[in-house]
Amino acid sequence: MQIINLDLDHYNFYCPVSGEYITTEEDGVNEDAQSFRGYWFDEFWDEPTIKDEKLNQLWTEYFHNLKESDPDYKYSDFTDKLDEFFQSVEIQNYVVFKIHKIEFSIIPDKFIYFVIDMNAG
């Protein structure tokens with residue numbers, strides 16, 4: 001899957017295909033958007049929300065293998081693990097938007113990954 005990296009100072013993200021909001025600062029994640037297939041949030045990267053059956057199956061297999069091969073996976077760099085997963089997945093027209101939210105405070109920077117079906121609509 002192609003990964004598009006974005007460095008933003010907000011979480012306002014709209015689907016480039018349908019124009020529907022995927023997430024806003026006020027409303028949170030729109031899991032009902034027709035192009036939305038899943039998301040991974042940094043603090044809970046090992047507990048994603050996935051609406052697509054095939055993507056869910058691939059994640060379940062990847063995560064199971066990760067836990068078996070690396071019992072300390074929770075202490076490794078989650079962005080490396082997620083990037084590795086997404087690069088291993090081939091689902092036609094699915095794109096990952098990796099949003100790095102830049103914080104200008106003592107709160108650490110945040111990451112969120114959205115999988116969007118660019119052919120939805």
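Leaving aside its neighbours within four places in sequence, Trp40 is in contact (heavy atoms within 4.5 Å) with Trp45, Pro48, Ile50, Leu55, Trp59, Leu82, Phe85, Phe86, Phe111, Ile112, Tyr113 and Val115. The model is predicted, so that local features need pLDDT of at least 70 and side-chain atom pairs count only at pLDDT 80 or more, while totals for chains, interfaces and linings use all residues. Residues are numbered from 1 along each chain as its sequence is written, and side-chain values use heavy atoms, with hydrogens and water left out.

Trp40 also belongs to the largest nonpolar core, which has 22 residues and in which Trp40, Leu55, Trp59 and Phe86 touch the most other members. Such a core is a set of buried Ala, Val, Leu, Ile, Met, Phe, Trp, Tyr and Cys residues joined through side-chain atoms within 4.5 Å; buried denotes under 20% relative accessible area, exposed over 50%, and partly exposed the range in between, with a 1.4 Å probe and protein chains only. Two or more residues are given to this core by each of helix 1, helix 2, strand 7 and strand 8, with helix 1 giving the most, five residues. Helices (H or I, at least four residues) and strands (E, at least two) are DSSP runs numbered from the N terminus. A second, separate core of 14 residues includes Tyr11, Cys15, Phe97 and Ile99.

In helix 2, which spans residues 78–88, the buried positions are Phe78, Thr79, Lys81, Leu82, Asp83, Phe85 and Phe86. These buried residues pack against strand 1 (2–8), strand 5 (36–41), helix 1 (53–69), strand 7 (94–101) and strand 8 (110–117).

Aromatic pairs were assigned where the ring centres of Phe, Tyr and Trp (its six-membered ring) lie within 6.5 Å, with planes under 30 degrees apart counted as stacked, over 60 as edge-to-face and the rest as tilted. By this rule the count comes to 17 aromatic pairs. One of them, formed by Trp45 and Phe63, is edge-to-face, at 6.1 Å centre to centre and with 90° between the planes; this pair links distant parts of the chain, Trp45 being in the loop between strand 5 and strand 6 (49–50) and Phe63 in helix 1, 18 residues apart. Both Trp45 and Phe63 are buried. Trp45 and Phe78 form a stacked pair, at 6.5 Å centre to centre and with 25° between the planes. Because Trp45 lies in the loop between strand 5 and strand 6 and Phe78 in helix 2, the pair ties together parts that are 33 residues apart in sequence. The relative accessible area of Trp45 is 6%, and Phe78 counts as buried at 17% relative accessibility.

Three strands form an open sheet in the order 2-3-4, with antiparallel pairing, where two strands pair if DSSP finds at least two bridges between them. Strand 2 (13–14) and strand 4 (28–29) are the edge strands, each pairing on one side only. Strand 2 and strand 3 (residues 21–24) pair over two bridges, in which Tyr14 is partnered by Tyr21 of strand 3 and Phe13 by Thr23 of strand 3. The hairpin that these two strands form has six residues between them, and Gly19 in the turn has a positive phi of about 85°. Strand 3 and strand 4 likewise pair in the antiparallel sense over two bridges; Gly28 in strand 4 is the bridge partner of Thr24, and a hairpin joins strand 3 to strand 4 through three residues.
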